[in-house]
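Welcome, and please open your viewer.

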Amino acid sequence: MQKHSDEALVAYLDGELDNTERGHVEAWLEADPAVRDRLAALAQATELARGAYADIVNEPLPERLIAAARGETLTPSQQEAEILVLRPNRAAAQVRLRRWHIGLAAAAGLFGVLFGGAGTYVGMGLLNRANPENEQKLAAATANNIWLDNAAGYYKMAVNAGDNMLVDVPADKEEVWQKISKDLSQQVRSPNLTPWGLSFRGARLVVVEGRPAAQLVYNTDNKEIGPLTLVIGASKQPDIAPSISKRQDVTLLYWRHAGRAYALVGRGDLGYLWGIAKDLAYQLDPI
Amino acid sequence: MSFRWKHAEAPAAAVERSEPTNTRFSDQLIAVLPRLRRFARGLTGSAAEADDLVQAACERALTRAHQFQEGTRFDSWMFRIVQTIWIDQLRARDVRKEDGEIAEERLGTDAPVRRIEARLALSEVRRAIEHLPPDQRTTLMLVTVEGLSYKEAAEVAGVPVGTIMSRLARARTALQQQLEAGSAVRRSATNAEAQ
């Protein structure tokens, strides 16, 4: 490292120089006001970089990441531990690996907290205070975005698990919709998607926005389309018409109506998914 | 017959054997998740992509838990996994770019958030960091944001300490220049409006 260089100044700021090197830099600073300005500019850039990411560690953790850290997103073949594979449509398949409480605390208070500090960071003339309307919009958009991230994440879990995926409520139980309605505290009717070539495989309980939600899993014989999932949860957000979003190669069609949020997730043709979403909206929306 | 959501009907042995992974290891992983998300956000510039990256890193870490050496820093080990997967993704994306698929892949990832966030000056700094070359961005995130020493960052990145120093100096200089340029543009726009 050259004694008189940006590298030396940056290392000085980071406390990475030994006594001798530090002495050289301090002598240089003493002798040249321009170097002192340079050091101040580099220190400013450092502080801004640090501040720009400071709030992220205070965000609620997405449920899917907690699940991933607990190994719940791994397929059995990926796991080191011996896995007892249970077929989904049998009574024994009701083993529940996921716990309701996971992420509940972490995800609580999702709305409005993610970027709560964003507008208050005012630094060295480069950052402006955001107006409250923008912050509200940002918080709502962020909450919606995370909702969709989770729906896409749970979809990937279902796809990765393939035939080994465990369902909480197998499709062949008549009480399935009563159970879902009871646990979601809202009446949910059984949508009939057989005209779309889909067969209901079962439901898994997931956590979205810190509240219980149901992930309905549908299979199809068409491998190009692959499985589809529908996440149904409660929502305090305003109603919205079916809208499209993407997460890499996964398409989400989502809408909200009468206190419920829906997300249809799949990799199929958009027109096909759109038709299903419209049909679901018609069948599922409360009267 | 009634059934329950939770695992009441599973035989105890089955539950025990189905326990996904070592609990202590998972607890360590969960504890470091906020910092992994922050690091990944700095690398990818996108909340959704960052969480996908962290999820992939968790899965890889769990399958390679036996490779972690007790007594070494767990966070550094995880940062290295995140960085490795991200570089793999960048390389794969470069290949896909040739096929013209990149635009679709990024379509709508978190566009609504980004459109609104763009109005916040805070995002200006993040955008400036996103414009840094990947190696500089990684180094800046590890040292400046995550607080690793040069030696620790060098171990994560798999490069000599001298390389870390030069990458950091270039990164901070470029960042400072970009922010100054942005500030100058804003000032002239404000002046023009005032006139």
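Two strands pair if DSSP finds at least two bridges between them. Helices (H or I, at least four residues) and strands (E, at least two) are DSSP runs, numbered from the N terminus.

A word before we set off: this is a predicted model, in which local features need pLDDT of at least 70 and side-chain atom pairs count only at pLDDT 80 or more, while totals for chains, interfaces and linings use all residues. Residues are numbered from 1 along each chain as its sequence is written, and chains are lettered from A and ligands numbered from 1 in the order in which they are written.

**Stop one: chain A as a whole**

Select chain A, where you will find eight helices and seven strands. Of its 287 residues, 40% are buried, where buried stands for 20 or more other C-beta atoms within 10 Å of a residue's own, with C-beta atoms placed from the backbone. Among the chain A contacts with a separation of 6 or more, 62% are between residues 24 or more positions apart; a contact here is a pair of C-beta atoms, placed from the backbone, within 7 Å.

Now select strand 5 (residues 240-247) and strand 6 (residues 250-257) of chain A. They run antiparallel and are joined by six bridges. Look for A:Ser245, which stands opposite A:Leu252 of strand 6. This hairpin has two residues between its strands, and A:Gln248 takes a positive phi near 50 degrees.

How many of the eight residues of strand 6 of chain A are buried? Six of them are, leaving the strand mostly covered.

**Stop three: the nonpolar cores**

A nonpolar core is a set of buried Ala, Val, Leu, Ile, Met, Phe, Trp, Tyr and Cys residues joined through C-beta atoms within 7 Å. The largest one has 62 residues, and those with the most contacts inside it are A:Ala49, B:Leu36, B:Val54, B:Ala57, B:Cys58 and B:Val82. Helix 3 (residues 47-63) of chain B gives the most to this core, with nine residues. Click on B:Cys58: beyond its neighbours within four places in sequence, it is in contact with A:Leu65, A:Ala68, A:Ala69 and B:Leu29. A second, separate core has 41 residues, including A:Ala151, A:Tyr154, A:Ile180 and A:Ala213.

**Stop four: a helix pair in chain B**

Select helix 2 (residues 23-44) and helix 8 (residues 134-145) of chain B, which pack at an angle of about 150 degrees with their axes 9 Å apart. Axes are lines fitted to C-alpha atoms, for helices over the stretch in contact, and angles run from 0 to 180 degrees between N-to-C directions. Helix 2 brings B:Arg38, B:Phe39, B:Gly42 and B:Leu43 to the contact, and helix 8 brings B:Arg137, B:Thr138, B:Met141 and B:Val145.

**Last stop: B:Gln83**

Finish at B:Gln83, in helix 4 (residues 74-98) of chain B. Is B:Gln83 buried or exposed? B:Gln83 is buried, because 23 other C-beta atoms lie within 10 Å. Its C-alpha atom is separated by 9.0 Å from that of B:Phe39, 44 residues apart along the chain. Leaving out residues up to four places away in sequence, B:Gln83 touches B:Thr138, B:Val156 and B:Ala157.

Technical notes: Contact = placed C-beta atoms within 7 Å. Buried ≥ 20, exposed ≤ 12 C-beta atoms within 10 Å, placed from the backbone.
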